[in-house]
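Hi there,

I'm passing this structure on to you, and I hope you enjoy looking through it. Below it you will find my notes on what turned up.

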Amino acid sequence: MKIATFNINGVKARIAALSDWLAGANADVVVLQEIKSVDEGFPREYLEDLGWTVETHGQKGFNGVAILSRLPLEDVTRGLPGDDADEQARYIEATVIGSRAVRIAGLYLPNGNPAPGPKYDYKLSWMERLRLRAAELLASEMPVVMLGDYNIIPQPRDAANPANWVEDALFLPESRAAFRRILHQGWSDAIRLHDPYATRGPFTFWDYQGGAWKRDDGIRIDHLLLSPQAADLLVESEIDKEARAGEKPSDHVPVWVRLDA
């Protein structure tokens, strides 16, 4: 089962880039972030005609997450538990039925800038809610992949130029500590499982400004965290960097794992 995450940065604006990548990716499940569309405006019929089952949790003009699947989906839920007043569309879960069932938790974690401030407070409170939900998912003892745009640069090696990010919400010590609290529950960073000793990169995001792509001035903020049961099934993990070089690309690229499931 090949499971991917892709911050598409506007599904209607990037439908060609998405289609091109899907055509060659041979993925079974794709979790999208920043679809920037209400559910009714999502190009559902187009993707269904290509053979995808589509589940969305959308929001007008901002945020929004979706799951595309070639395999049956069950028990789809929307919204991160813990705050009934939170109206931002950032979280979706479903169980994918392959040779075994795998729980998918797709997320678009708040950016948090400017920090300090209310947006940063929201980021940290959202991460605490995620930590609590992550603990519940681990307690299920089933294979779980918790994936998406985390808006967290975990370590200096995850940025081409760490000094440029020291005051950014993505790299502040409190943000990184909150991410570690989740990891230390027992999650594995899929990319690092296969590349534990890299001293620089790999990256998943290059800004549109300042020639970041040409200079490879990137950061790694799109992550796939695996429960112990999912980590035991890991076959391979990879970043599809070449997607950033396409026509009208997202500023993120797909990241994926293949599980024996």
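**Aromatic pairs**

The count of aromatic pairs comes to four. Please keep in mind that this is a predicted model.

One of these pairs is Phe 6 with Trp 21: the ring centres are 5.6 Å apart and the planes stand at 70°, so the pair is edge-to-face. Because Phe 6 belongs to strand S1 and Trp 21 to helix H1, this pair ties together parts that are 15 residues apart in sequence. Both Phe 6 and Trp 21 are buried.

Another pair is formed by Tyr 150 and Phe 179, with ring centres 5.6 Å apart and planes at 80°, so this one is edge-to-face too. Tyr 150 sits in the loop between S8 and H4, while Phe 179 is in helix H4, so the pair ties together parts 29 residues apart in sequence.

**Around helix H4**

Helix H4 spans residues 173-183, and its buried residues include Ser 175, Arg 176, Ile 182 and Leu 183. What covers the buried residues of H4? Helix H3 (118-139) is part of the cover, as are strands S8 (144-149), S9 (188-189) and S10 (222-226).

**The sheet**

Six strands form an open sheet with mixed pairing, in the order S3-S4-S2-S1-S12-S11. At its edges are strand S3 (53-57) and strand S11 (234-239); each has a single partner strand, so one side of each is left without a neighbour in the sheet. From one strand to the next, the twist averages 15°. S3 pairs with strand S4 (residues 65-69) in the antiparallel sense, over five bridges. Within S4, Leu 68 is the bridge partner of Val 54. Helix H1 (residues 15-25) lies across S1, S2 and S4, and runs at about 165° to S1.

**Nonpolar cores**

The largest nonpolar core has 32 residues, and Ile 3, Val 102, Ile 104, Val 145 and Leu 259 are those with the most contacts inside it. A second, separate core has 22 residues, among them Leu 107, Leu 109, Met 146 and Ile 152.

**Charges over rings**

Lys 2 has its charged end over the ring of Trp 256, 4.0 Å from the ring's centre. Arg 70 lies over the face of Trp 52, at 4.1 Å from the ring centre.

Best wishes

Note on methods: Residues numbered from 1 in each chain as written. Predicted model: local features only at pLDDT ≥ 70, side-chain atom pairs only at ≥ 80, totals over all residues. Heavy atoms only, no water. Buried < 20%, exposed > 50% of the residue type's maximum accessible area, 1.4 Å probe, protein only. Helix = DSSP H or I, 4+ residues; strand = E, 2+ residues; numbered from the N terminus. Contact = heavy atoms within 4.5 Å. Core = buried A, V, L, I, M, F, W, Y, C linked by side-chain atoms within 4.5 Å. Pairing = 2+ DSSP bridges. Axes fitted to C-alpha atoms, helices over the stretch in contact; angles between N-to-C directions. Phe/Tyr/Trp six-rings, centres within 6.5 Å; stacked < 30°, edge-to-face > 60°. Lys NZ or Arg CZ within 6 Å of the ring centre and 35° of its normal.
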